[in-house]
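Hi everyone, thanks for making time. I'd like to walk you through a structure that may be new to you, starting with a particular spot and then widening the view. Here it is on the screen.

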Amino acid sequence: LSELEKEFTKTDPEYSKQLKKLRELREAQDKLSSSIVRVMTMEDMAKPRPTFMLEKGLYDKRGETVSAAVPAKLPPLPQGAPTNRLGLAQWLVSEQNPLTARVTVNHFWQEFFGIGLVKTPENFGVQSDRPSHPELLDWLSHDLIRSGWDVKALCRLLVTSATYRQSSKATPELLERDPENRLLARGARYRWPSWMLRDQALASSGLLVTQVGGAPVKPYQPSGVWEEATFGNKTYKHDTGAKLHRRSLYTFWRRIVAPTAFFDTASRQYCSVKPLRTNSPLHALATLDDDTYVEAARAMAARVLTNSTASPEARIEHAFRLVLARKPSTNESRILLSSVERLKSEFATEPAAAEKFLSVGEHKPAGKFNSIEHAAYTALCLSILNLDEALTKE
C-alpha cells in the first residue's frame, strides 16, 4: 500500500474497505477481459483511398489508378452490388457464377463417394480433370443455389440416392474395366479418416462425449512429440476426465505438430482440399496400441460383460453389433468364440499381463469384473475395432 492509503486506513477505515473492494472488482474485470478471445477484424474506410498500379512493384513509382472490380473475363458484379467485400461475397454465390456451387458440390461428393465428380478438387481450371458426369454436376450445383445453399438438403439428397446406396462389391471384370469407380457402377469403398476411426471407437465403447462447443481438449499422445518439434520449448500434458473423450473435432492442434492420433491428415502449414488416404502398417500401431483405442476396447468389453447371465455367443454378438451394426455369421462367431477361449487361457497363465493391459487409460469401469475375463474380452473388442470392415467405408 502507498503511504497515502496507509494514512487513510488509520483515519477512515470505511474508505480503505471500499478501496480494497474496488481493487478486487477491477482485478476480476481484468481477468474476465483477458479470457475473452480477441479476433482481428477489418472494415472499409468511409472514403476509400486511391489505389495505384506500381511500376515493377516500387512503392514510389505510381502508375494507373485502379478500383475494386472482378476480372473482365468473368461475370460482372451483381447489379446494385457494392464494390467492396460484401459485393464480392454476393458475386461468389450469384447464379451467374456457378463455379462456387460446382466446387462446393464436388467437395461434398468427394466426402461421400471418396472421389469427386471432378477428380482434382483443388483445380477447376483449364488444366483440371474433366468431370466424370458434367450434367450431374451442373444439376446438383443449380439445385444447391435454388435451395438457398441448403447444405443439409444436399447431403440428404446424396446419401439417399440409389447411387450411394449401392453395394461396394465388384466383379473382377468390373474392377478391370473401372478400377477407380468413375462410372459409379458400385458403392464407394475407402478407408475411414483417422479422426472418424477415433470417434467410432469412442462411440462403440460408450465413452464419446457428445457435448457441442467448448474449449479445445488434449487427448492421449506419446510423450516427447511436442518437445522434439519445438526443441523443448513446448510440453504436452493430456487432459483428464471427460475431456479425453470429446469428439476429435475439438482436439487441440499445434500447427507444426499434428495430433499423433490423426495419422492421415495434411499439415496445417498449407491448404489441402484433397484427403490423404494411405494404409501404412504404422497406422495399425495407432489403432491397436494407442491409449485411446485400448481404453475404448476396455470400456466396450465392460458393456458386453455387464449382462452376467449372457452366453459367450451373445456377448460376442453384442460386441460385433456395437462396431459393425450387424450380427456375425456362424463362421465369424465360431472364430471369435475360439479367440476368447484362447485369450482367457493366455491371460490366466499371466495374470500380471492382464492387470497391466486393463490399466491403460484413466477411465475405470463402474462394475466389477473378473480381470482375466475382462482382459480377454478387451483384446477381442480391440480386434473387432481393427477389422477391415470397421476401418473401411463400404
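Let's begin with Thr-278, which is partly exposed, because its relative accessible area is 41%. You will find Thr-278 in the loop between helix H9 (225-229) and H10. Leaving aside neighbours within four places in sequence, Thr-278 is in contact with Arg-191 and His-283. Leu-336, by comparison, is 58 residues from Thr-278 in sequence and 28 Å from it in space, C-alpha to C-alpha.

Before going on, please keep in mind that this is a predicted model. How confident is the prediction, as a mean pLDDT for the protein chain? The mean pLDDT is 90, and 99% of the residues reach 70 or more. Confidence is lowest in helix H1 (residues 3-11), with a mean of 75, and highest in H6, with a mean of 96.

Now the overall picture. The protein chain has 16 helices and four strands. Its radius of gyration is 30 Å, well over the 21 Å that the globule rule gives for 394 residues, so the chain is more spread out than a compact globule. Along the principal axes, the C-alpha trace spans about 90 × 80 × 40 Å. Of the 394 residues, 31% are buried. The accessible surface comes to about 25,800 Å², and carbon and sulfur atoms account for 56% of that. As for contacts between residues at least 6 apart in sequence, 58% of them join residues at least 24 apart.

Let's go inside. Which residues touch the most other members of the largest nonpolar core? They are Val-323, Tyr-377 and Leu-380, in a core of 27 residues. Several helices supply at least two residues each to this core: H8 (194-205), H11 (291-305), H12 (312-324), H13 (330-349), H15 (371-385) and H16 (388-391). H11 gives the most, with eight residues. To see one member up close, look at Leu-380: not counting residues up to four places away in sequence, Leu-380 touches Ile-316, Leu-336, Ser-339, Val-340 and Leu-343. Apart from this core lies another, of 17 residues, including Val-105, Phe-112, Leu-154 and Tyr-190.

While we are around H15, have a look at His-374, which is found in that helix. Is His-374 buried or exposed? With a relative accessible area of 5%, which is under 20%, His-374 is buried. Its contacts, leaving aside neighbours within four places in sequence, are Arg-298, Ala-301, Ala-302, Leu-305, Leu-358, Pro-365 and Phe-369.

Next, a pair of helices. H8 has 12 residues and reaches 17 Å from its first C-alpha to its last, close to the 16 Å expected at 1.5 Å a residue. Its buried residues include Ser-194, Leu-197, Arg-198 and Asp-199. Among the elements covering the buried residues of H8 are S3, helix H10 (281-289), H11 and H12.

H4, covering residues 99-113, has 15 residues and reaches 21 Å, close to the 21 Å expected. Among its buried residues are Val-105, Trp-109 and Phe-112. What do the buried residues of H4 pack against? The partners are helix H5 (134-146), helix H6 (151-159), strand S3 (190-191) and strand S4 (392-393). Just after H4 comes Gly-114, with a positive phi of about 85 degrees.

At 60% relative accessibility, Leu-282 counts as exposed. Leu-282 and Ser-194 are 88 residues apart in sequence, and 13 Å apart in space, C-alpha to C-alpha.

I'll finish with some backbone details. Most residues other than glycine have a negative phi. Asn-181 has a positive phi of about 60 degrees although it is not a glycine. Asn-181 sits in the loop between helix H7 (172-177) and S3, and it is buried, with a relative accessible area of 10%. Ala-325 also has a positive phi of about 60 degrees, and it is not a glycine either. Ala-325 lies in the loop between H12 and H13, and with a relative accessible area of 68% it is exposed.

Terms used:
Residues numbered from 1 in each chain as written. Predicted model: local features only at pLDDT ≥ 70, side-chain atom pairs only at ≥ 80, totals over all residues. Heavy atoms only, no water. Core = buried A, V, L, I, M, F, W, Y, C linked by side-chain atoms within 4.5 Å. Buried < 20%, exposed > 50% of the residue type's maximum accessible area, 1.4 Å probe, protein only. Contact = heavy atoms within 4.5 Å. Expected span 1.5 Å × (residues − 1). pLDDT = per-residue confidence, 0-100. Rg over C-alpha atoms; globule rule 2.2 N^0.38 Å. Areas by Shrake-Rupley, 256 points an atom, 1.4 Å probe, with all protein chains shown as cover.
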